[in-house]
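The following exercises are to be worked with the sequence and the coordinates at hand. Each task is followed by a solution in steps.

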Amino acid sequence: MGEGEGPREACGLFGVWAPGEDVSRLIYFGLFALQHRGQESAGMAVSDGSNIMVFRDLGLVSAVFDEATLSTLQGDLGIGHTRYSTTGSTTWDNAQPAFKSDGIHGLALGHNGNLVNTRALAEEAGWKAKATTDSDLVATMLANRIDDGLEDAALDILPRLQGAFSFLLMNEHTVFAARDPHGLRPLAIGKLAGGFCFASETAALDIVGATYVREVEPGEMVMVDEQGLRSRRFAESPRKALCLFEFVYLARADSRLYGRTVHEARREMGRALARQSPVDADLVIPIPDTGHSAAQGFAEAARIGYGEGLLKNRYVGRTFIQPSPTLRQRGVKLKLNPIPDAVRGKRVVVVDDSIVRGTTTRQIIQTLREAGAAAVHMRITSPPVRWPCFYGIDMSTRQELVASDLSVEEVREFLGADSLAYLELDSVVEATGSPRGEFCRACFDGEYPIPIPEQTPTKLLFEETLTGQ
């Protein structure tokens, strides 16, 4: 994905129930593995059996937590969260986990996804809060029923939520994990020597030495405490609809989804793209980091040399954190710089996973030309993104999608590429090894698995709720 203009994913979740283990440190490393899913804020809630302690702040995981902080977060269970906002602004109040208490009982909640019936729920709950997230709204609704116990409260509230959600919840004794009935956002269960953990991606299980057990099923709530691991179903699943963008861009290459390693799926996308849209060229280069696997597959199938042509500075925060287009444009060269000796005089194929707004891709092509590339061919391992996402990726209006109203040739002209080709949707799905019907593909084909009220961008839903319009 062109750095700085990629889709913005809605969060990483990591939860642990493991008495006797260093829970806060396990959560820290789990969140570290999920940093790519959100860089705005990080937080964790830990319980010692009597009290829930919460620490959260704006910034990267490594900046928010230090040894002193982790040593104060002592307990047997906890949940953690990394955030990129899709609803609500970047403020401390919107950092997660959300925490609610009635003075006797407490609960903490972390959310990955986006609800589409927020307005109706907020009106029903009479919700007034400093936080402006659907996550805080759900935490408030649960807190209103906390006397029933968190399990019963969740079984009452979860069926009323519409949209995409993977939740981690906790009270003083139990960690809960739940996924919406379509399973749009991933959530995996792992086994530790002394307990269990939950993570948005299997890569986070690997980093803490957990053994993958299974996915939380769509419409299922899983609980773990001293009684062990148990499950309750809060809704039937009409069909699975995992976000296809997880395979294309969002997930780490070393994670597994639907039983397939993301790296291998992306390599196959690259191979398929080389077969579908061949080009005479001297060098195949990836857009770091998500383009590496696909570029290797493309080079292999096309029998063209693979190399690094763009250097990434890994110590600059993701450019899309910058709020304004001007800052975003300035940030690109901080992040990606061409290697002139690698590209000079060469016909270069640049492999990327998607083009959303197009501004950054256009700049990258320009910088490669300035570095002496003889030709720049763009190859994209997904179809044109033509439809907005309402389920937790910040692509909420058609106006910001460069391909929504332009043909492929018009996009090529805008980018300034010598040629441009996108991978066909059927080939993307085939590379995952799973059937087309088990994915949400709405950003590519406009088929939304969950109805969207009035097709209104989620941020507008919130602004109207909060201002009473």
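A residue is called buried under 20% relative accessible area, exposed over 50%, and partly exposed in between (1.4 Å probe, protein chains only). The model is predicted: local features need pLDDT of at least 70 and side-chain atom pairs count only at pLDDT 80 or more, while totals for chains, interfaces and linings use all residues. Residues are numbered from 1 along each chain as its sequence is written, and side-chain values use heavy atoms, with hydrogens and water left out.

**Exercise 1. Determine the strand order of the open sheet and identify its edges.**

Step 1. Strands are DSSP runs (E, at least two residues) and helices are runs of H or I with at least four residues, both numbered from the N terminus. Two strands pair if DSSP finds at least two bridges between them.

Step 2. Seven strands form the open sheet, with antiparallel pairing and the order 3-2-4-1-10-9-11.

Step 3. The edges are strand 3 (52-58) and strand 11 (211-215); each has a single partner strand, so one side of each lacks a neighbour in the sheet.

Step 4. Strand 9 (residues 188-192) pairs with strand 11 in the antiparallel sense over four bridges. Glycine 190 has tyrosine 212, in strand 11, as its bridge partner.

**Exercise 2. State whether leucine 13 is buried or exposed.**

Step 1. Leucine 13 belongs to strand 1 (residues 12-17).

Step 2. Its relative accessible area is 0%, and leucine 13 is therefore buried.

Step 3. The C-alpha atoms of leucine 13 and alanine 177 are 9.9 Å apart, although 164 residues separate the two along the chain.

**Exercise 3. Describe the salt bridge between aspartate 254 and arginine 252.**

Step 1. The two side chains meet at 2.7 Å, N to O.

Step 2. Aspartate 254 is partly exposed at 39% relative accessibility, and arginine 252 is partly exposed at 28%.

Step 3. Elsewhere, salt bridges with shared partners join Glu264, Arg267, Glu268, Arg271, Arg275 and Glu300 into one network.

How values were computed
A salt bridge is a side-chain nitrogen of Lys or Arg within 4 Å of a carboxyl oxygen of Asp or Glu.
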